[in-house]
Amino acid sequence: MTYNLLLGPVIALVGWTLVMLVWMAAKRFPQLKGRAIPDGARGTDLPAGPHNWPGHNYEHLLEQPTIFYAIVLALVAMNDSFAFNVYLAWGYVALRIAHSIWQATVNSVKIRFPLFALSTLCLVGLTLHAALRFIHG
């Protein structure tokens, strides 16, 4: 059976999100050791610092990428086979992974923002292509 190549980036980004979940847990659990955890506490309630950076990134991977999943699945539903969309989707995933690694380790906005902006441009391109395909059927 053959699958639409746009599904590869979706699977990869879900996998990466799970990697960031494990990274977040590995950084936060030592911070919780020996502490009483009040009812209603959240990870963001922990003291600020590098141990929270992977958690912040994990939250980011549950925000804008939901739009990525929706637009890519819309393209798949329209039987899109435009190779450039596959490149845009993989570009989005690669940039989000780079953004994750940067945010979880160095966390300098000077580099983080351009990575985010470039990934957003990939998302805009995918959305425009999906809209044009939908309009022109």
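Arg96 lies in helix H4, which spans residues 83–105, where helices (H or I, at least four residues) and strands (E, at least two) are DSSP runs numbered from the N terminus. The model is a predicted one, in which local features need pLDDT of at least 70 and side-chain atom pairs count only at pLDDT 80 or more, while totals for chains, interfaces and linings use all residues. Residues are numbered from 1 along each chain as its sequence is written, and side-chain values use heavy atoms, with hydrogens and water left out.

**The chain as a whole**
- The chain has five helices and zero strands, and its elements run α-α-α-α-α from the N terminus on.
- Its C-alpha atoms fill a box of roughly 60 × 35 × 25 Å, taken along the principal axes.
- Of the 137 residues in the chain, 36% are buried, a term for under 20% relative accessible area, with exposed meaning over 50% and partly exposed in between (1.4 Å probe, protein chains only).
- Among contacts (heavy atoms within 4.5 Å) between residues at least 6 apart in sequence, 81% join residues at least 24 apart.

**Arg96**
- Arg96 is buried yet has no salt bridge, and the nearest side chain of opposite charge, that of Glu63, is 6.6 Å away; a salt bridge is a side-chain nitrogen of Lys or Arg within 4 Å of a carboxyl oxygen of Asp or Glu, and in assigning charge Lys and Arg count as positive and Asp and Glu as negative, while His and the chain ends are not counted.
- The side chain of Arg96 makes a polar contact of 3.1 Å with the side chain of Gln64, such a contact being a pair of N or O atoms within 3.5 Å in which, within protein, one must be able to donate a hydrogen and the other to accept it, and residues adjacent in sequence count only if both atoms are side-chain atoms.
- Leaving aside residues up to four places away in sequence, the residues that Arg96 touches include Leu13, Trp16, His60 and Phe116.

**Arg28**
- Arg28 is found in helix H1, residues 7–32, and is likewise buried without a salt bridge, the nearest side chain of opposite charge being Glu59 at 4.2 Å.
- Its side chain makes a polar contact with the side chain of Asn52 at 3.0 Å.

**Aromatic rings**
- There are three aromatic pairs, counted when the centres of Phe, Tyr or Trp rings (for Trp, the six-membered ring) lie within 6.5 Å, with planes under 30 degrees apart called stacked, over 60 edge-to-face and the rest tilted.
- The rings of Phe68 and Tyr92 have centres 4.5 Å apart and planes at 15°, so this pair is stacked.
- Phe68 lies in helix H3 (residues 65–77) and Tyr92 in helix H4, so the pair ties together parts that are 24 residues apart in sequence.
- Phe68 counts as buried at 0% relative accessibility, and Tyr92 is buried with a relative accessible area of 0%.
- Ring pairs link Phe68, Tyr69 and Tyr92 into a cluster.
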